[in-house]
Amino acid sequence: MSEIPSAVVRPARHTALHDVHRRLGGKMVPFGGWDMPVEYSGILAEHRAVRERAGLFDVSHMGEISIQGREALDLVQFVTCNDASRLHLDQCQYSGLMTPQGTFMDDLVVNKFTDRHYWLIVNAANRERDFEHICQHDHFDAQVVNVSEGYTQLAVQGPATVKILQPLTPVALSPIRYYHFTIGKLLGVECIISRTGYTGEDGFELYFDPEHSEHVWNGILDAGQAAGLLPCGLGARNTLRMEAGMALYGHEIDTTTTPLEAGLGWITKLGKPDFLGKAVIERQAEQGLTRKLIGFEMEEAGIARDGYAVLHQGQRVGQVTSAGPAPTLGRNIGMAYLPVALCPPGTLIDIQIRTRTARARVVPMPFYKRRA
Amino acid sequence: MDYPKQYRYTKEHEWVDLDGSTAKIGITDFAQQQLGDIVFAELPAVGTVLRSGQAFATVESVKAVSEVFAPLEGTVAEVNAEVAQHPERLNSHPHDTWLITATVSHPSAVNQLMDAAAYQQFLAASSDSSAH
């Protein structure tokens, strides 16, 4: 047996819950410079728990960058592609941190606390780099602080989430709308309680002082036990987000891809004032794209994987960005960048799987959408 | 889980159950634990020539792709169709679920593989060296 190894570049960092994960039997793997649980009871069981009941994830490796000051909004507007001026208080927004080339430095969520205080919630592997990048472009009256060390982030995801969490908090959870947050106590601990997630299910993400990590983690596990909540690792997080057609930094998006190519035109507001890379994206919008991100399903036996070549009529036309089994759908799916002529759903392509090829079909994304 | 005493084992976590010149070949409990939920197995055709140490099958979990190496030289005699239908049996019953049977060219070569006690020692030693 040989497993495809993942590279470890430096000593892995630990979240405040690292010992808890090991005690729970979590299988630890390196991810974005962190030693994180990839699974506890198994990816399939955890995936199903989130789709049918609920799952609890430690996502404290994610970073939080605070931007405060008289011109906080101007800085957020300048470095991101979505229009943060449209945010109400206590609202979140999915957006992209742009390079001057109009490509992704990162994808992120913007939280608006006040007119002068925003948070950018960024990916684990990028949090220092993002911070430097934002500081470099801070020609505004705004203070940028990397507050990542000050927060544990947990995600509770799945249809039973409200039922499980409601007894733990005086905050009325149901009225919190999707992509909104509130601040209140949960298990006696002051939390930012945000109706967001990365699974395609209803759920909340909680941010709080790492000192209380074990108390909150164990409290939610206990409260969720009767409803069938499971602790979940990054393995299920990945299969869940893939089914939901959500991008993962370093796979679907990176410094070589623009929001338009990634199908993220809906977070790209060319009508707002100048921002990093805007001119490049405008030009791309005018001239049209040469390639786009698509979803595909395997038609023949075989599992596509990240990095596999995509062929059309024997010619290499692209590369798989993320792929694997979709447990809820019972199919093998993936995403890839293809020349625009091959992007219409129904187009047949071939995936190079080791020494053979297997037929696949371009399909619309998301692959999975929860019932409202 | 028990490692059957009559089996022989490789450092790449295959097991061999040799009877005369016919060998059943599978992956060990340790291997399936490392892989996690197994969802697909690509097995060779009957008649495929096995070269010792070379990959003859691929086992895939949700997360990982893993090659299976031939512990001995020989020829594939049978392929376990049940594995293709129910790859999850490699998780639940790794030591009862063979991937292939092979007609082995040099049955005595099996003595160069580890017995159950040596394999378990090997596992213990590798987990010590990777502990951090």
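**Arg354 of chain A**

I started with A:Arg354, which is partly exposed at a relative accessible area of 27%. For my own use: buried is under 20% relative accessible area, exposed is over 50%, and partly exposed is in between, with a 1.4 Å probe and protein chains only. A:Arg354 sits in the loop between β19 and β20 of chain A. Helices (H or I, at least four residues) and strands (E, at least two) are DSSP runs numbered from the N terminus. The phi of A:Arg354 is positive, about 50°, although the residue is not a glycine.

**Ground rules**

I have to remember that this is a predicted model, in which local features need pLDDT of at least 70 and side-chain atom pairs count only at pLDDT 80 or more, while totals for chains, interfaces and linings use all residues. Residues are numbered from 1 along each chain as its sequence is written, chains are lettered from A and ligands numbered from 1 in the order in which they are written, and side-chain values use heavy atoms, with hydrogens and water left out.

Next I looked at strand β19 itself (residues 348–353), where I found A:Asp350. Is A:Asp350 buried or exposed? A:Asp350 is buried, with a relative accessible area of 14%. Its side chain makes a polar contact of 2.8 Å with the side chain of A:Arg359. A polar contact is a pair of N or O atoms within 3.5 Å; within protein, one must be able to donate a hydrogen and the other to accept it, and residues adjacent in sequence count only if both atoms are side-chain atoms. I also listed what A:Asp350 touches beyond four places in sequence: A:Ala309, A:Val310, A:Leu311, A:Thr357, A:Ala358 and A:Arg359. Contact here means heavy atoms within 4.5 Å.

Then I moved on to A:Pro366, in the segment after β20 (356–363). The peptide bond between A:Met365 and A:Pro366 is cis, with omega about 0°.

**Helix α3 of chain A**

How many of the 8 residues of helix α3 (residues 72–79) are buried? I get 6, so the helix is largely enclosed by the rest of the structure. The buried ones are A:Ala72, A:Leu75, A:Val76, A:Gln77, A:Phe78 and A:Val79. I looked up what covers them, and the cover includes β5 (63–68), β6 (92–98), β7 (104–114), β8 (117–122), α4 (127–136) and β9 (143–146) of chain A.

Setting aside neighbours within four places, its contacts include A:Met62, A:Gly63, A:Ile65, A:Arg127 and A:Asp130. I checked A:Ser148 too: 26 residues separate it from A:Val122 in sequence, and the C-alpha to C-alpha distance is 9.4 Å.

A:Ser60 lies in the loop between β4 (55–58) and β5, and is buried at 7% relative accessible area. A polar atom of its side chain is 3.1 Å from the backbone nitrogen of A:Gln153. Beyond four places in sequence, A:Ser60 is in contact with A:Thr15, A:Arg127, A:Tyr151, A:Thr152 and A:Gln153.

**Chain A as a whole**

I count 8 helices and 20 strands in chain A. Its C-alpha trace spans about 60 × 50 × 45 Å along the principal axes. The radius of gyration is 21 Å, which agrees with the value near 21 Å for a compact globule of 372 residues. That radius is taken over C-alpha atoms, and the globule rule is 2.2 Å times the number of residues to the power 0.38. Buried residues make up 58% of the chain. Of the contacts with a separation of 6 or more, 66% are between residues 24 or more positions apart.

**Chain B**

Chain B has 4 helices and 9 strands. Along the sequence, I read the pattern β-β-β-α-β-β-β-β-β-α-α-β-α. Its radius of gyration is 14 Å, close to the 14 Å that the globule rule gives for 132 residues, so chain B is as compact as a globular protein of that length. The C-alpha trace spans about 45 × 30 × 25 Å along its principal axes, and 47% of the residues count as buried.

My last stop was B:His13, in the loop between β1 (8–9) and β2 (14–19). B:His13 is buried, with a relative accessible area of 14%. Its phi is near 75°, a positive value in a residue other than glycine.
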